[in-house]
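Subject: Structure handover

Hello,

Here is the structure I promised to pass on. Please open it beside this email and read along.

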Amino acid sequence: MSKKRTVHRVSDSKKNKPFVRFNFWLMVIIFGLSFMACFLLYMLAVNLDDNFFDFESSSSEMQSSEVSDNNDLSETNSSENSETDSSITSVINPVPESERADDSYFDNAWILTDSTLLDIKFNTSIKNVIGNSQINAVNINESKVESVYGTITAYQNLQIINPENLYIMLGSDIGESTADDMINGYSSFIANIKAGLPDTKIYIMQLPPVYTDSENLTNDIINDYNSRLIKLADSYSVYCIDTNTILKNNTGTLSEEYYSSESDSLTTEAYSAVYEYILTHTAQ
């Protein structure tokens with residue numbers, strides 16, 4: 001007879017039972033052991049390295065030092081900028097008397113003028129003169145001047161020349177144009193020179209007095225215009241020289257020795273006085 005086989009079936013509840021059960025206390029023990037292991041490693045590192053805490057301290061000091069250095073650098077830059085701004089605005093006008101420059105000073109100096117001072121090139125050794133009798137304070141930005149570079153504007157001439165020192169006397173239209181229009185034209189011209197020729201040292205020259213007052217032009221009008229020129233120079237941090245007072249007599253008019261009644265113009269002595277005044281009033 002064949003033997004009967006007994007088949008034992010595993011119930012579904014036992015078959016799906018997880019192999020490992022979650023145990024809260026087991027997790028606590030594992031966490032505690034991990035903490036103890038980290039603490040022991042930390043203590044071991046401290047005992048083996050005597051400079052362990054010094055390193056942390058030096059790192060902190062290095063960070064503090066970097067912050068301090070950055071602050072010092074910021075303060076230094078701020079101080080340098082302040083000094084630069086101070087040097088820009090430290091222009092004294094009218095320019096005070098200085099040690100006389102050598103006559104070779106005019107080798108690198110140019111005069112831009114209208115009919116007011118145009119004849120200085122015929123009465124002194126100054127030959128670097130740009131201008132004509134048509135330009136004035138109002139039209140200086142548009143009127144053209146004939147030169148070796150062609151018939152171009154005064155500004156275009158100066159761009160080519162790039163003078164080291166530039167002296168400007170404009171005002172032949174005084175008594176005809178308003179002072180506001182003259183200063184506006186002057187201001188635009190100075191702004192262009194400052195922007196296009198930043199290394200050029202600019203001197204605005206005050207107008208000379210007249211020998212006798214007329215209906216349209218008086219010394220009071222000239223004095224007012226010259227005062228405006230000083231303010232204009234200050235606003236652009238350029239120089240202004242008083243080429244008016246040196247030509248006056250005690251009554252405030254043009255001295256007789258500087259006036260030619262025949263030509264109703266300045267004399268050679270007047271131009272020589274302006275020549276010397278420029279040389280003895282240069283910005284340092």
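This is a predicted model: local features need pLDDT of at least 70, side-chain atom pairs count only at pLDDT 80 or more; totals for chains, interfaces and linings use all residues.

Residues are numbered from 1 along each chain as its sequence is written, and side-chain values use heavy atoms, with hydrogens and water left out.

**Strands**

Start with the open sheet. Five strands form it, in the order β2-β1-β5-β6-β7, with parallel pairing. Strands here are DSSP E runs of at least two residues, helices are H or I runs of at least four, and both are numbered from the N terminus. Two strands pair if DSSP finds at least two bridges between them. The edges are β2 (129–130) and β7 (239–241), each pairing on one side only. Strand β5 (residues 165–169) runs parallel to β6, joined by four bridges. There, L166 has I202 of β6 as its bridge partner.

Next, β3 (residues 144–147) and β4 (residues 150–153). They pair in the antiparallel sense over four bridges. A hairpin of two residues links β3 to β4. V145 has I152 in β4 as its bridge partner.

**Helix pair**

Look at α6 and α7 (residues 219–236). Their axes (lines fitted to C-alpha atoms over the stretch in contact) lie 11 Å apart, at an angle of about 30° on a scale from 0 to 180 degrees between N-to-C directions. That makes α6 roughly parallel to α7, a term for angles under 35 degrees.

**Pockets**

The largest pocket holds about 650 Å³ of space. A pocket is an open set of points on a 1 Å grid over the protein atoms alone where a 1.4 Å probe fits, with protein on both sides within 12 Å along at least five of seven lines; lining residues have an atom within 4 Å of a point. Volume is the space filled by probe spheres set on the points. Of its 24 lining residues, T116, P209, V210, L217 and D264 are the closest to the centre of the largest pocket. The lining divides into twelve nonpolar, nine polar and three charged residues. Nonpolar means Ala, Val, Leu, Ile, Met, Phe, Trp, Tyr, Cys and Pro; charged means Asp, Glu, Lys and Arg; the others, Gly among them, are polar.

The second largest pocket has a volume of about 390 Å³. It has 24 lining residues, and V91, K201, S237, V238 and Y239 are the closest to its centre. The elements giving two or more residues to this lining are α3 (52–88), α6 (179–196) and β6 (201–205).

Best wishes

Methods: Angles under 35 degrees count as roughly parallel, over 145 as roughly antiparallel, 65 to 115 as roughly perpendicular and the rest as oblique.
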